[in-house]
Amino acid sequence: MIEVQDIRSIVEECISRDAGYFVVELSVKGANVITVVIDHDDLPIDIDTIVELTRYIEERLDRDQEDFELEVSSAGLTTPLDSPRRYRKYLDEQLEVLLKSGVKEHGTLLQVSDDGIELEVIRMIKPEGARRKQPTPEVLSLPYDEIKKATYMIDF
């Protein structure tokens, strides 16, 4: 059986040429079904990078010794954010955050730390003496352990 740590070291060896690349997901399941998902801090991942990484992995594994299935891809816009590094890529962008409490928040990602994020949401609040509710920005501090899922909101 192919081990995850072996694949991780192969992938890290290949992507180390640019410090901006990082592994989002890496798994080996069942009959050696290998899944590798990568991302970059600043740049989109192009098909040439995916092909290069796929070839690099395949050259270092021996199909005659142990057969495998390999899927290499990039983290898409709809891939849930799961680490501070992925969140930082979307600073000042609109996110949809589902909290473990079941509450869904939409807002602008203002800050990312090792403990959590700050999200600016717009609340409709009626100021004292006003007739109508007015949009009012509110900053939420959300620790990672309260976030069930966060995704980038694609604006059309």
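**Entry 1**

I began with strand 1 and strand 2, which run antiparallel and are joined by eight bridges. I take helices (H or I, at least four residues) and strands (E, at least two) as DSSP runs, numbered from the N terminus. I count two strands as paired if DSSP finds at least two bridges between them. The model is a predicted one, in which local features need pLDDT of at least 70 and side-chain atom pairs count only at pLDDT 80 or more, while totals for chains, interfaces and linings use all residues. Residues are numbered from 1 along each chain as its sequence is written, and side-chain values use heavy atoms, with hydrogens and water left out.

I looked up K29 and found V33 in strand 2 as its bridge partner. The open sheet has three strands in the order 1-2-3, with mixed pairing. Strand 1 and strand 3 (69-74) are at the edges with a single partner strand each, so one side of each has no neighbour in the sheet. From one strand to the next, the twist averages 15 degrees.

**Entry 1: helices on this sheet**

I noted that helix 1 lies across strand 1 and strand 2, and that it runs at about 155 degrees to strand 1. Helix 2 packs on the sheet as well, where it touches strand 1, strand 2 and strand 3; its direction makes about 150 degrees with that of strand 3. For these angles, axes are lines fitted to C-alpha atoms, for helices over the stretch in contact, and the angles run from 0 to 180 degrees between N-to-C directions. Contact means heavy atoms within 4.5 Å.

I then checked the length of helix 1 (residues 4-15). Its twelve residues, at 1.5 Å a residue, should span 16 Å, and the end C-alpha atoms are 16 Å apart, in agreement. The expected span is 1.5 Å times one less than the number of residues.

Which residues of helix 1 are buried? I found I7, I10, V11, C14 and I15. Seen down the helix axis, the buried residues fall within an arc of 120 degrees, so they line one face of helix 1. The arc is that of the directions from the helix axis to the C-beta atoms. Buried means under 20% relative accessible area, exposed over 50%, and partly exposed in between (1.4 Å probe, protein chains only). The buried residues of helix 1 pack against strand 1 (21-29), strand 2 and helix 2 (47-60).

**Entry 2: H40**

I located H40 in strand 2 (residues 33-40). H40 is buried, at a relative accessible area of 4%. Its side chain makes a polar contact of 3.2 Å with the side chain of D18, and it reaches the backbone nitrogen of D42 at 3.0 Å. A polar contact is a pair of N or O atoms within 3.5 Å; within protein, one must be able to donate a hydrogen and the other to accept it, and residues adjacent in sequence count only if both atoms are side-chain atoms. With neighbours within four places in sequence left aside, H40 is in contact with D18, G20, Y21, F22, I45 and K89.

**Entry 3: two residues with positive phi**

Most residues other than glycine have a negative phi. I recorded a positive phi, near 60 degrees, for N32. N32 sits in the loop between strand 1 and strand 2 and counts as buried at 5% relative accessibility. D92 also has a positive phi, near 65 degrees. I placed D92 in the loop between helix 3 (84-88) and strand 4; D92 is exposed, with a relative accessible area of 60%.

I found an open sheet of five strands in the order 7-6-5-4-8, with antiparallel pairing. Strand 7 (134-143) and strand 8 (147-152) are the edge strands, each pairing on one side only. Neighbouring strands of this sheet are turned by 40 degrees against each other on average, direction ignored. Strand 4 (residues 94-99) pairs with strand 5 (residues 104-112) in the antiparallel sense over five bridges; E105 in strand 5 is the bridge partner of V97.

The side chain of T136 reaches the backbone oxygen of Q134 at 3.2 Å. Not counting residues up to four places away in sequence, T136 touches V121, I122, R123 and I125. From C-alpha to C-alpha, T136 and Y87 are 24 Å apart in space, and they are 49 residues apart in sequence.
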